[in-house]
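Hello,

Here is the structure I said I would pass on. My notes on it follow below.

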Amino acid sequence: MIQTHLAFRTPGMLPRPGVLPTGRKLSAPRRILSKHAPIARHPFSTGFYRFSNISTTTRELIESKLSLSGRVTVITGGSRGIGLTLAKTAAALGSHVAILDVHEPETSVAKLERDYGSRFIFHRMDVTSKDSMELAFDKVIEDLGKVDNCITCAGIALDKPFLEHTWEESRRILDINVLGSFFSAQLAAKQMVNQGNGGSIVMIASIAAHCAIPAQRVSIYGASKAAIKLLGKTLAVEMAPFNIRVNTISPGFIATKMSAQFTDLQEVFRTAPPMGRIGQPEDLAFAVGYLLGDGASYTTGTDIAVTGGLHNGRIEI
């Protein structure tokens, strides 16, 4: 068990060192050399030693468990916001990336490839159309040859009083958020089963799957994301014999261009979480990166709530 927070990175994982998924620049690598260096326990021994003395073999093991080198990650709804951040995350860990979305990526495919050193492709896909989805996944196989990971991020929200919800807009939420995610996961899983090498599926749920959200009325949206949260558990059990892991992420308030549009809610976003801040896209990135890699090979059917603690409630009001 590492007794204090360790500030380290694994340079071998990043095809283009120095670029984070959010575009920030990494500082030069640091080595912990002082007598005050954190104490770490080697995973294969009972002794303690300074982190700076971790063997090359152990470092290589850690890197290999986090690396997605040589893999192909499909991301639905990956053209902007959280989806685009996760696309960049997969690429930063070495994966080739297929973005499937109704919109063109906010960052061009050419720039993404220059920044991350991985191959990116984009295919237009409408998650409410069976034909569109099947065609898009077929193109991914044609272009990249396989599917190792899938992140279902396509979704829409509706903030509106329950008594004012209409049939049409509620049905649209369910079609995109539930059926779109369900059949995206199914198409990815079918390909993984055919390949015979297992895989990882990460489905994006929401804090709204756990509880009511302060200052927002999102009943049908919450119902759709609760369906995703439960779907992650049931699919995890059903797909385990094929070595396909299925997990979910439940984001809380996250700073994106979309959330920035709600100018009247910025104070709520900042103060409602017990940790006293709005989440950043990289708060989700590293959680998803873990679930995609071999380091999570025994993790399935789990929901990681990245909410600053808000899904647990509040003491102060």
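**Notes on the structure**

Alanine 215 sits in the loop that joins β7 (199-204) to α6 (219-239). Please keep in mind that this is a predicted model. Although alanine 215 is not a glycine, its phi is positive, at about 70°. With a relative accessible area of 46%, alanine 215 is partly exposed, because that class covers values between 20% and 50%.

Another residue other than glycine with a positive phi is asparagine 243, where the angle is near 60°. Asparagine 243 belongs to the loop between α6 and β8 (244-251).

Helix α2 covers residues 81-92, which makes 12 residues. From its first C-alpha to its last, α2 reaches 17 Å, close to the 16 Å expected at 1.5 Å a residue. Of the 12 residues of α2, 10 are buried, so the helix is largely enclosed by the rest of the structure. Among the buried residues are Leu84, Leu86 and Lys88, along with Ala90, Ala91 and Ala92 at the end of the range. Just after α2 comes glycine 94, with a positive phi of about 110°.

The last item is on the surface. Leu179, Phe182 and Phe183 form a nonpolar patch there, and together they have about 240 Å² of accessible area. One of these residues, phenylalanine 182, is part of helix α5 (residues 167-195). Phenylalanine 182 has 32% relative accessibility and therefore counts as partly exposed.

Regards

Methods:
Residues numbered from 1 in each chain as written. Predicted model: local features only at pLDDT ≥ 70, side-chain atom pairs only at ≥ 80, totals over all residues. Heavy atoms only, no water. Patch = residues over 30% accessible without salt bridge, like charges linked within 9 Å, V, L, I, M, F, W, Y side chains within 5 Å. Areas by Shrake-Rupley, 256 points an atom, 1.4 Å probe, with all protein chains shown as cover. Salt bridge = Lys/Arg side-chain N within 4 Å of Asp/Glu carboxyl O. Helix = DSSP H or I, 4+ residues; strand = E, 2+ residues; numbered from the N terminus. Buried < 20%, exposed > 50% of the residue type's maximum accessible area, 1.4 Å probe, protein only. Expected span 1.5 Å × (residues − 1).
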